[in-house]
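Hi,

Here is the structure I promised to pass on to you. Have a look at it first, and then read my notes below.

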Amino acid sequence: TSLYKLVLISRAPVVSGLAYSAWLLTEFLYWVQPSTELIDVLLDRWEQLDIDLPRADGLRTRGRILYKLNRYTLAIPNFQLAAHQFSDHGDIQNVAYCQMEIGHVSLQIDDYATAREHLELALDHFHRIGEKLGIAQCLQSLGEISSRRTECDQAMKMLTEACCCFQEIPS
């Protein structure tokens, strides 16, 4: 990441594909060594770099990294801004995933009302576009919220429905 940072920070012309390659590296590092060091540099210059993706993808990536690093209050604004930018481009699927991620972060900090609100928004989007994995994941998280709030009947209903949705997804 240091080499990428040096080139990107230098404000020198960036070789075509280098910035995209740096973004792909941040996506990979999410799994092995999460850090916002490189994605922060990319986001600072996103518009000037030759990255064939909307800036919302970078914001969502940073939000996911911050979430993985347990920096929840910093993750939420990244997901919110990404959702707005995806919405401006009509990308309902990514709006839904951002809403779901806000719900998951809110669940981690025990803000059940906010978690439920965002998960229900995501669920509605996923239903509209027929995204079964998203539907199943939202139902599972909504079931977890109900379980934590000792709403056993509602939890059982949501989790059973989530299980059915997971089973309908081809492997």
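Helix α6 is mostly covered, with 13 of its 17 residues buried. Buried here means under 20% relative accessible area, exposed means over 50%, and partly exposed is in between (1.4 Å probe, protein chains only). Helices (H or I, at least four residues) and strands (E, at least two) are DSSP runs, numbered from the N terminus. After α6 comes aspartate 110, whose phi is positive, near 60°.

Before you go further, please keep in mind that this is a predicted model: local features need pLDDT of at least 70, side-chain atom pairs count only at pLDDT 80 or more, and totals for chains, interfaces and linings use all residues. Residues are numbered from 1 along each chain as its sequence is written, and side-chain values use heavy atoms, with hydrogens and water left out.

Next, the largest pocket, which holds about 320 Å³ of space. Of the 17 residues lining this pocket, Tyr67, Met100, Glu101, His104 and Gln137 are the closest to its centre. Two or more lining residues come from each of α4 (55-68), α6 (92-108) and α8 (132-148), and α6 gives the largest share, 7 residues. On a 1 Å grid over the protein atoms alone, a pocket is an open set of points where a 1.4 Å probe fits, with protein on both sides within 12 Å along at least five of seven lines; lining residues have an atom within 4 Å of a point. The volume is the space filled by probe spheres set on the points, which are joined across faces, edges and corners.

Isoleucine 135 lies in helix α8 and, at 6% relative accessibility, counts as buried. Leaving out residues up to four places away in sequence, isoleucine 135 touches Leu123, Phe126, His127 and Cys165 (contact means heavy atoms within 4.5 Å). The C-alpha atoms of isoleucine 135 and alanine 162 are separated by 7.5 Å, though these residues are 27 apart along the chain.

Finally, how many disulfides does a search of the whole structure find? It finds 0, where a disulfide is a pair of cysteine sulfur atoms within 2.5 Å. For cysteine 163, the nearest cysteine sulfur is that of cysteine 164, 5.9 Å away. Cysteine 163 counts as partly exposed at 39% relative accessibility, and cysteine 164 counts as partly exposed at 38%.

Happy exploring!
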